[in-house]
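Trainee: Can we go through this one together? I'd like to start with the ligand and then look at the protein's inside.

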Amino acid sequence: MIALQTAATAGLTRIGLKSAQAAEPAAVDNATAIVVGSGYGGAVAALRLGQAGIRTLVLEMGRLWNTAGSDGKVFCSTSAPDQRSMWFRTRTEAPLATFLWLDLVNKDISAYPGVLDRVHYDHMSVYVGRGVGGGSLVNGGMAVTPLKSYFAEQFPTVDADEMYGTYFPRARSMLGVNTVDPAWFESTEWYQFTRTSRKAAANAGLKTTFVPNVYDFGYMQREAAGTATRSALAGEVIYGNNQGKRSLDKTYLAAALGTGNVTIHTLEKVRSVTRASDGSYVLTVDRIDTTGTVVETKQYSCTYLFLGGGSLGTTELLVRARDTGTLPDLTSGVGAGWGTNGNTMLGRANHLWDTVGANQATMPVMGIDDWANTANPVFAEIAPLPMGFEHWISLYLAITKNPERASFSYDSTSGAVKLGWTPAQSAVSVAMAKKLFDRINAANLTIYRYDLFGSTSKIFADDFTYHPLGGCVLGKATDDYGRVKGYSRLYITDGSLVPGSLGVNPFVTITALAERTMARVLAEDTAP
Ligand code: FAE
């Protein structure tokens, strides 16, 4: 594998094999293929294009995360966040706003292209990763394959047998998915919090299931043994992991650069897309510096354009392109079918004798699986809350089967793309999560925590999601392989294809669908 090392150390914003060898690579203003974004969808596209011998340029608005700061670390910790934590903020915006209603969690920081962004819409905000690797840099690494029956329900035109036989295994293997050793799990202090939540679920007659992850559990065991530098056992996760996690820069993207055909430009945000009369795509791109100032506006052109900007990034680009007339033939499917994967976060207060432990690993390894309950399907991740002291809180990220969907629209006055999600739509997720956790509380004679989400009476965090899905749904905005309707040689490979709900954490599915798209496109569309 090629380490993404030299270029960023030298302060360059172009990364490729050439930049790893030469001081300054030549500027690229056109490429056969351009990939927008370097998250899961973008990374798969880049690797498969590079392997096919196609000269490919990846444009990523975030930075490359491999240069150590003054503390010797690439990423800052969650307990002492600095400018590296969040995308151009002067104060962090962590999911858990308060503890005992006190504003102890968030800290003032200076504005910088940090790794985690929280994008605010009127009634929903969305956490996303920024940088080479997208969401893989900040996520919890939970690598879950959805229930086949629910996948088939959500993607009726996709051959589920082929997905489960070919593309899911391919994605898991490329992503480096592994599972915690059950014997170690049962004995280690680092997963006491999970065992306590499992017991509470079992008392309510609920089933729990182990969940795989891309964090290297062998490494984690060495962290626990004191023979490796701590990362997941040092509270690192949403602002990046300095060790242990197989993020995309170490898997797909390293392999993509290894083909010799792929170049990545960082701190370059694609602002608009249009099509030239010869059929090529022309992208207008703002290059920013670390203060956020646009230092250059560039134009790139390409024959094949792959959109991997994520559910928000890709949908915003296409809604704007359609409604400002730069790609007027895009259909009404663009901007529609968006959902939160039913995300709702909540905490429960355990009895004094049901401890969760001062030491908690940041990588979740178990979920409460009540998806088969047709009256109220919920899959709830048992989430860590590592505070370094015993707090008796069980935290969960519930994924509910919320059927509500919203659309994005272009506001010509402000030039902004808006999301029409309403509080009533969030209330559907909350009601479902509440039904499940009322059962758990009743069986254990426990209560919810009221002090975690900012206001005095807020039990359920219903105003953010980690799992933005949809906006350009497969088979609606695109054909059944991610080819955008109305335009040839324009493709989507990211989470905007997933119709708002998946029932589990989404990145394995996004990766597998991208693999399926790339296999088809390379076989059919790029042949001479
Ligand atoms: P994504 O990974 O978001 O990548 C999009 C990339 O495109 C980003 O790097 C953007 O900076 C870049 N970009 C966007 N617009 C532009 C533009 N105009 N120009 C240039 N670049 C652009 O998209 N999922 C799981 O399966 N398991 C988990 O445990 C899990 N935990 C999570 C925890 C957190 C805190 C968060 C935020 C998310 C979590 N997720 C988890 C969700 C997961 O990371 C997400 O579904 C995927 O990252 C989405 O992949 P995409 O390829 O769609």
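**Ligand shell and core**

Trainee: Which backbone has an N or O atom 3.1 Å from a nitrogen atom of the ligand?
Mentor: That of Gly 140. Keep in mind that this is a predicted model.

Trainee: What about Met 142 and Gly 131?
Mentor: A polar backbone atom of Met 142 is 2.8 Å from a nitrogen atom of the ligand. For Gly 131, a polar backbone atom is 3.4 Å from an oxygen atom of the ligand.

Trainee: And how much of the ligand does the protein bury?
Mentor: The ligand alone exposes 1,000 Å², and the protein buries 95% of that.

Trainee: How many residues surround the ligand?
Mentor: There are 36, and the closest are Glu 60, Gly 135, Met 142, Gly 495 and Phe 507. By type, the shell has 13 nonpolar, 18 polar and 5 charged residues.

Trainee: Which element gives the most to that shell?
Mentor: β8, with 3 residues. Elements that each supply at least two include α3 (40-51), β5 (125-129) and α12 (507-524).

Trainee: Changing topic. Which residues touch the most other members in the largest nonpolar core?
Mentor: Ile 34, Leu 283, Leu 305 and Phe 306, in a core of 95 residues. The element that gives the most to this core is α12, with 8 residues.

Trainee: Why does this core lie between domain 1 and domain 2?
Mentor: Because both domains give residues to it. Domain 1 is made of 1-64, 131-176, 246-339 and 466-528, while domain 2 is made of 95-115, 178-237 and 342-465.

Technical notes
Residues numbered from 1 in each chain as written. Predicted model: local features only at pLDDT ≥ 70, side-chain atom pairs only at ≥ 80, totals over all residues. Heavy atoms only, no water. Near = heavy atom within 4 Å. Polar contact = N/O pair within 3.5 Å; in protein donor to acceptor, adjacent residues only side chain to side chain. Areas by Shrake-Rupley, 256 points an atom, 1.4 Å probe, with all protein chains shown as cover. Helix = DSSP H or I, 4+ residues; strand = E, 2+ residues; numbered from the N terminus. Nonpolar A, V, L, I, M, F, W, Y, C, P; charged D, E, K, R; others polar. Core = buried A, V, L, I, M, F, W, Y, C linked by side-chain atoms within 4.5 Å. Buried < 20%, exposed > 50% of the residue type's maximum accessible area, 1.4 Å probe, protein only. Domains from an automatic or database assignment.
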